[in-house]
Amino acid sequence: MQKQSQPNQAMKEKVNEWIKAYQLHEDEEAQDQLVLHYKNLVETIARKYSRGRSFQEDIAQVGMIGLLGAIRRYDESFGKSFEAFAVPTIIGEIKRFLRDKTWSVHVPRRIKELGPKIKTTVEDLTTELQRSPRIDEIADFLQVSEEEVLEAMEMGKSYQALSMDHSIEADSDGGTVTLLDIFGNIDQGFEKVNQRLVLEKVLHVLSDRERSIIHYTYLENLSQKEAGEKLGISQMHVSRLQRRAIKKLQEAIQAENSEISR
């Protein structure tokens with residue numbers, strides 16, 4: 001047992017020497033030795049997080065970035081081995097990559113981070129309440145707004161969307177059927193006319209500025225930034241006013257539909 005521990009201790013000391021050489025003198029040879037020594041560790045972690053994905057090599061490269069970050073920041077005085085410090089750093093880097101790069105639609109980081117918390121909260125509250133929790137209960141538990149909860153739940157649907165060429169089944173002749181084959185075409189002209197008619201009926205509930213924002217962003221298809229430049233306000237302000245305007249319009253449309261159904 002003692003004979004086995006001596007090589008391990010010698011390697012640990014060697015690793016610490018390489019780390020110090022790199023940290024103090026940016027010794028490239030020491031860095032190469034560390035990368036070579038921990039290459040298998042990084043690739044093992046990368047394989048774990050790349051199951052079912054086609055970019056294992058990218059994940060391994062990200063893991064190497066995490067390894068180099070750990071080499072730069074490791075301090076022996078932490079009281080734990082380099083491996084114990086490096087593994088969480090490598091995993092953290094990979095998780096950030098997966099969170100930021102594998103969404104089909106650009107989603108703000110705060111919304112991405114809120115998604116997993118909502119899932120855990122729903123599970124916990126379901127157990128506690130013996131029923132599915134309401135949106136306001138989830139929001140109260142997480143100390144966020146109901147709007148943020150709804151936004152995170154909606155954005156979660158944008159994660160890794162399927163390509164329209166994705167094969168879903170074979171037809172009776174043995175050929176492949178894709179999503180594009182069964183996806184119906186929408187008459188865009190009719191849809192736009194319908195949207196304009198509905199909007200014109202309820203636009204009176206908006207302020208002049210809110211009406212301008214809806215016009216720029218939905219009818220002229222300008223970005224929030226472009227709309228803000230036209231109105232002389234920030235993109236954040238446009239986003240806030242847009243959300244408020246949409247809520248007003250939704251309430252007005254609901255009231256209009258209720259009136260018609262009577």
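The model is predicted, so local features need pLDDT of at least 70 and side-chain atom pairs count only at pLDDT 80 or more, whereas totals for chains, interfaces and linings use all residues. Residues are numbered from 1 along each chain as its sequence is written, and side-chain values use heavy atoms, with hydrogens and water left out.

**Overall make-up**

- The chain has 12 helices and 2 strands, where helices (H or I, at least four residues) and strands (E, at least two) are DSSP runs numbered from the N terminus.
- Read from the N terminus, the order of the elements is α-α-α-α-α-α-α-β-β-α-α-α-α-α.
- Of the 262 residues in the chain, 29% are buried, buried meaning under 20% relative accessible area, exposed over 50% and partly exposed in between, with a 1.4 Å probe and protein chains only.
- Among the contacts in the chain with a separation of 6 or more, 50% come from residues 24 or more positions apart, a contact being heavy atoms within 4.5 Å.

**Helices H2 and H3**

- The axes of helix H2 (residues 28–49) and helix H3 (residues 56–73) come within 8 Å and cross at roughly 135 degrees; axes are lines fitted to C-alpha atoms, for helices over the stretch in contact, and angles run from 0 to 180 degrees between N-to-C directions.
- H2 and H3 are therefore oblique to each other, since angles under 35 degrees count as roughly parallel, over 145 as roughly antiparallel, 65 to 115 as roughly perpendicular and the rest as oblique.
- On the H2 side the contact is made by residues including Leu34, Val35, Tyr38 and Val42, and on the H3 side by residues including Ile59, Gly63, Leu67 and Ile71.

**Helix H10**

- The 12 residues of helix H10 (residues 208–219) should span 16 Å at 1.5 Å a residue, and the end C-alpha atoms are 15 Å apart, which agrees; the expected span is 1.5 Å times one less than the number of residues.
- The buried residues of H10 are Glu210, Ile213, Ile214, Tyr216 and Thr217.
- Asparagine 221, which follows H10, has a positive phi, near 60 degrees.

**Glutamine 23**

- Glutamine 23 lies in helix H1 (residues 2–25) and, at 34% relative accessibility, counts as partly exposed.
- Leaving aside residues up to four places away in sequence, glutamine 23 touches Ile71, Arg72, Arg73 and Tyr74.
- Glutamine 23 and isoleucine 71 are 48 residues apart along the chain, yet their C-alpha atoms are separated by 7.7 Å.
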